[in-house]
Amino acid sequence: MKRTIFSEDHDAFRESVRQFIAKEIVPNLPDWEEQGCIPRDFYKKTAEIGINGLQIPEEFGGGGIDSFLFNTVVYEEIGYAAASLGGFQVHLNTVLPYFLEYCNDEQRRRWFPGFADGGLVSSIAMTEPGIGSDLAGVATTAVRDGDDYILNGAKTFITGGINADLVIVLARTDKDVENRRDGLSLLVVERDMPGFSHGRNLHKIGMKSSDTAELSFVDVRVPARNLLGEEGRAFGMLGHNLSQERLSIAITALATATAAVNLAVEYAQERLVFGKPLAGFQNTKFVLAECATELAAGQALVDQALVALDAGELAPADAAKAKLFCTEVQARVIDKCLQVHGGYGYMTEYPIARLYADARVTRIFGGTSEVMKSVISKSIGL
Ligand SMILES: Cc1cc2nc3c(=O)[nH]c(=O)nc-3n(C[C@H](O)[C@H](O)[C@H](O)COP(=O)(O)OP(=O)(O)OC[C@H]3O[C@@H](n4cnc5c(N)ncnc54)[C@H](O)[C@@H]3O)c2cc1C
C-alpha cells in the first residue's frame, strides 16, 4: 500500500541513509555482535551525516527538525537491512527525547552539542533487579544533601549501559507520599562520578551488538543541576515519553519483519524441493501472502500513530496498541519466514536466524505485551 506520510525530502534522506547502512553497518555487524557492542566511533560517523542531531536545535549543531519522520526513516532502514542496533537506537530514540523535552537552558548548553556531534552516548536506567513492569516501586533512592543528591541503588538490563557517558536514572526522592507514583525523579549520572560503576556485559539470546549492563550506585553525589525536569514528577514524564519509545519499537518491529519476508521470498525462489522452486508451492505463497497482509495492517497503524506523534496527540493507549500489535505481528511473521528456510533458518550464518533471536525481546522491553494490554484496557474503561 502506498504510504502517504513521507515527502520527497524523506525519500532522498532515505536513499543516503540506505547507502550509509550498506557501507558502515552491514559489513561490520558480525564483528559488533562478537564484541557485544557498537564501537564509539560509529556514533561519530552517524553524527557526520546528521543522524544524531536531527531534532537538536541548530544553535547546538543539530538539524532543528520537530518531526519524528526523519528518525523513522533511519530506524526503518536499519530494520530493512536485517540489523538491530539496540544501544544506538535507545540513545537516540529513547533517551534523547527526555533531554529534548526536559533540559533547562544550562543543561541544553552542556549536553546538546555532545549529542549532535556523537561525543556523548547515553542510556536510561529504570529497571531494577526486583522491579520492571511496576516502575512506581523502584527501590533506588536519591536523598538531597545541600547542592547534591546522594544516590544509592542498582539497575539491571540497561541498554547501552557499558558505553554510556550519561545515564538517566529513575530514583525515589520522596518517600512520604500518598500515591507511590509521586516522589520519583530523573537524575543524570555521569560516567566518572565516584560510586557509579557498571557490571559485566550481560549475555543475551539476541540483540548481540547491543551492550546490556547492570549498574550500581553507591553514595553517588549527583549535583542538583543534573536533575532532569521537576523533582518528584518522573512518573508523568515517563508516561509522556514512553509513547514515543513504544512507537519506535513498533517501527523497528515492522521493518525487521519486512526484511524477514524479503529474505524468505528470495530463499523460496532459489531453493528447490521435490525438484521445483519452494516458491512454486501454494503453501509458500499463502504463508508469505499472510505475512505481507499482516505487515500492511501494522504499517497503517504505525503511520497513523506517527501523524499523531508529530501533532503532539499520540495517546498512551494508541502507542500501546501500535507496540502490542506490531511486535506480535513481528513474532508471527519472522517465525513463519524462518520456517520457509527449513534447517538453514536455524543456522546463525543466515540473517533470518538473527532476526528471530533479536525479535523476542520486543514483546518484553519498553513495557511487556501484558503491560500494553493493561494500558489499553484502562483506556476502554476496564
Ligand atoms: C534486552 C533488554 C534491554 C532492556 N533495556 C532496558 C533499558 O535500557 N532500560 C531499562 O530501564 N530497562 C530495560 N530493560 C528492562 C525491560 O524494560 C523489563 O525487562 C520489562 O519492563 C519487564 O520487566 P521485568 O523484566 O522486571 O519483568 P516483570 O515486571 O517481573 O514481569 C514478569 C512477567 O509478569 C508480567 N506482568 C507484569 N505485570 C503484570 C500485570 N499487571 N498483569 C499481567 N502480567 C504482568 C509481565 O508481562 C511478564 O510476563 C531491558 C530488558 C531487556 C531484556
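**Questions about domains and contacts**

Q: How many salt bridges are there between domain 2 and domain 3?
A: The count is zero. To score, a side-chain nitrogen of Lys or Arg would have to sit within 4 Å of a carboxyl oxygen of Asp or Glu.

Q: What kind of model is this, and how are its residues and atoms treated?
A: It's a predicted model, where local features need pLDDT of at least 70, side-chain atom pairs count only at pLDDT 80 or more, and totals for chains, interfaces and linings use all residues. Residues are numbered from 1 along each chain as its sequence is written, and side-chain values use heavy atoms, with hydrogens and water left out.

Q: What makes K45 and E24 a salt bridge?
A: Their side chains meet at 3.3 Å, N to O, and the cut-off is 4 Å, so the pair qualifies. K45 lies in helix α3 (residues 40-48) and E24 in helix α1 (residues 8-24), so the pair ties together parts that are 21 residues apart in sequence. Helices here are DSSP runs of H or I with at least four residues, and strands are runs of E with at least two, numbered from the N terminus. The whole structure holds 22 salt bridges.

Q: Where do the domain bounds come from?
A: They come from an automatic or database domain assignment. That assignment gives domain 1 (8-121), domain 2 (123-232) and domain 3 (235-379).

Q: How do you know that domain 2 and domain 3 touch?
A: Contact means heavy atoms within 4.5 Å, and 15 residues of domain 2 are in contact with 11 residues of domain 3. Their C-alpha centres, meanwhile, lie 30 Å apart.

Q: What is buried between domain 2 and domain 3?
A: About 1000 Å², with 76% of it on carbon and sulfur atoms. Buried area is the accessible area (1.4 Å probe) that two parts lose on being put together, summed over both. On the side of domain 2 that touches domain 3, the residues split into nine nonpolar, three polar and three charged. Here Ala, Val, Leu, Ile, Met, Phe, Trp, Tyr, Cys and Pro count as nonpolar, Asp, Glu, Lys and Arg as charged, and the others, Gly among them, as polar.

Q: What does UniProt say about residues 123-220?
A: An unreviewed entry places "domain: Acyl-CoA oxidase/dehydrogenase middle" there. UniProt positions use the numbering used here, feature names are shortened, and annotations may be inferred rather than shown by experiment. In the model, that span is 0% helix and 50% strand.

Q: Which strand holds V143, and what does V143 contact?
A: V143 is in strand β2 (residues 141-145). Leaving aside neighbours within four places in sequence, V143 is in contact with D148, Y149 and I150.
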